[in-house]
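Could you walk me through this protein, one piece at a time?

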Amino acid sequence: MELISYLISYNFVSVALIIGIIVLLIENRKDRPHGTEHIAVIVILLTIIVANTFFRELFMKKLYNEDFDYRGDPAMYFMYFRATIEHILFPMIAYVELLLITPNVKRYLLFIPEGILIVGEIVNLFGPKIIFSFDSHLNYEDRIFFLSPYFAGMIYMLLLLRYSIRFFKSKDRTKGATVIFIVFLTIFECYLEAAYIVVDLMDEIVALDVIIFYFYLISIYQREMETKLRTSELELEKSRRVLALSQIQPHFMYNSLTSIIYLCDKDSQKTKDALIDFSKYLRQNLDAMSRNCLVSIKEELEHTKIYLSLEKLRFDDDLDIEFDIKDEMFMLPVLTVQPMVENAVKHGINNSESGCGTVRISTDETETHHRITIKDNGAGFDTSAIEALDETHIGINNVRKRLEDECGGELIIKSVPDEGTECVILIPKEKDDENSGN
């Protein structure tokens with residue numbers, strides 16, 4: 001307990017920061033944002049440095065005797081080993097930080113300064129003293145290459161600065177500013193220690209660097225996850241939309257082809273016109289699956305007219321069509337009107353007792369909305385069962401969802417069994433104006 005108490009009392013800030021980083025790593029272990037492994041390595045290196053410093057302080061306070069000759073004493077070897085570890089690990093931490101923001105192809109080249117330093121420190125430890133030495137009273141003395149640890153660390157600091165400025169210029173300003181702050185904080189601390197304005201604050205500064213960088217990584221990770229989630233939601237919605245549009249039943253195409261085949265021997269010109277309309281209908285439906293923008297009501301009505309011309313091949317005089325177009329200066333989601341008209345023909349007119357009837361399509365505007373009305377005098381149905389309608393009722397829920405999502409529109413259906421159905425599509429003017437201006 002006394003050892004732990006001494007460790008905390010002399011290294012409180014460093015220990016607290018390291019514990020904080022470890023708690024963050026544990027807390028985010030499931031998410032594992034990019035760079036977590038690097039931060040974990042840095043924490044291990046920093047812990048070794050703090051422990052290394054602690055043992056030196058403990059030795060100097062409890063065991064050191066300034067009058068004792070330490071030549072050949074185990075304490076001398078301990079001090080050499082401790083200083084070597086410290087010289088190697090501080091640049092190593094900067095190197096690991098650098099790996100977070102540098103291209104993969106340069107990682108091995110970037111290790112060269114650290115590799116040279118390690119070789120030099122090993123030579124200094126076991127051979128001639130070329131970097132540092134201790135006198136008989138364990139006083140630290142510089143040798144000819146005493147700047148090599150600082151030189152290696154400074155190379156990594158400058159590289160960090162270089163890549164962070166590149167990030168800053170490439171509009172990744174948050175990342176660049178974070179790294180620039182860390183670099184200048186470390187360089188400033190090095191200057192203060194070199195000028196003897198402060199002493200032995202490197203542990204705390206590095207720990208603070210790491211925790212700032214980790215908070216940055218977490219924020220970037222969360223932003224990336226939010227972006228991926230939004231992208232996934234958009235892709236999912238697009239897939240649902242394409243699937244819904246592709247679920248328009250093929251019965252109409254079968255019936256149209258049958259009618260065209262029937263016409264072949266009777267009226268070649270009418271057959272040719274019908275085939276042209278049929279190809280236009282198919283092309284419009286296929287285009288709708290890949291279009292993300294709104295279309296004009298003129299384009300939507302043109303597609304609806306093509307559809308109705310093909311239905312007239314089958315119904316002939318049993319199907320009457322009326323248009324009353326008073327407003328044609330607005331946009332709406334693709335394939336909004338045609339599926340509602342198809343429902344009117346298939347479930348309204350075709351299912352009526354007489355098998356004939358009228359479909360009326362009109363557009364007008366109010367102060368707040370553009371309005372499209374599709375009305376038939378066919379069979380009608382119970383509107384309370386709309387949510388439970390099977391897939392043969394083409395596109396009601398799909399049209400309603402797309403109206404809400406793409407332009408803030410609304411679909412209102414009124415129907416009375418054996419009397420007919422009225423579908424009203426409302427497009428907000430403000431929403432439509434915004435989409436028209438884009």
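Thr 304 is found in helix 12, which covers residues 297-315. In this predicted model, Thr 304 has a relative accessibility of 0%, so it counts as buried. What does Thr 304 touch, once residues up to four places away in sequence are not counted? Its contacts are Val 337, Gln 338, Val 341 and Ile 361.

Helix 12 lies across strand 4, strand 6 (357-365) and strand 7. Its direction makes an angle of about 165° with strand 4.

Those strands bring us to the sheet. Strands of a sheet pair through backbone hydrogen bonds, and they can do this in a parallel or an antiparallel way. Here, five strands form an open sheet with mixed pairing, in the order 4-6-7-9-8. Strand 4 (319-325) and strand 8 (410-416) stand at the edges; each has a single partner strand, so one side of each is left without a neighbour in the sheet. On average, neighbouring strands of this sheet are turned by 10° against each other, ignoring direction. Helix 14 (residues 396-407) lies across strand 8 and strand 9, and runs at about 150° to strand 8.

Let's look at one pair of strands. Strand 7 and strand 9 run antiparallel and are joined by eight bridges. As an example of residues facing each other, His 369 stands opposite Pro 428 in strand 9.

Strand 9 also holds Leu 426. Is Leu 426 buried or exposed? Its relative accessible area is 15%, and the cut-off for buried is under 20%, so Leu 426 is buried. Leaving aside neighbours within four places in sequence, the contacts of Leu 426 include Arg 371, His 369 and Ile 412.

Finally, the empty space. Rolling a probe the size of a water molecule over the atoms shows where such space is left. The count comes to one cavity of 30 Å³ or more, and the largest cavity has a volume of about 130 Å³. Its lining has 14 residues, with Asn 343, Ala 344, Asp 376, Phe 381 and Thr 421 nearest its centre. Helix 13 (337-349), strand 7 (369-376) and strand 9 (420-428) each give two or more residues to this lining. Helix 13 supplies the largest share, five residues. By type, the lining of the largest cavity divides into seven nonpolar residues, six polar and one charged.

Technical notes. Residues numbered from 1 in each chain as written. Predicted model: local features only at pLDDT ≥ 70, side-chain atom pairs only at ≥ 80, totals over all residues. Heavy atoms only, no water. 1 Å grid on protein atoms, 1.4 Å probe; cavity = no way out; pocket = protein on both sides within 12 Å on 5 of 7 lines; lining within 4 Å. Points joined across faces, edges and corners; volume = space filled by probe spheres on them. Helix = DSSP H or I, 4+ residues; strand = E, 2+ residues; numbered from the N terminus. Nonpolar A, V, L, I, M, F, W, Y, C, P; charged D, E, K, R; others polar. Buried < 20%, exposed > 50% of the residue type's maximum accessible area, 1.4 Å probe, protein only. Contact = heavy atoms within 4.5 Å. Pairing = 2+ DSSP bridges. Axes fitted to C-alpha atoms, helices over the stretch in contact; angles between N-to-C directions.
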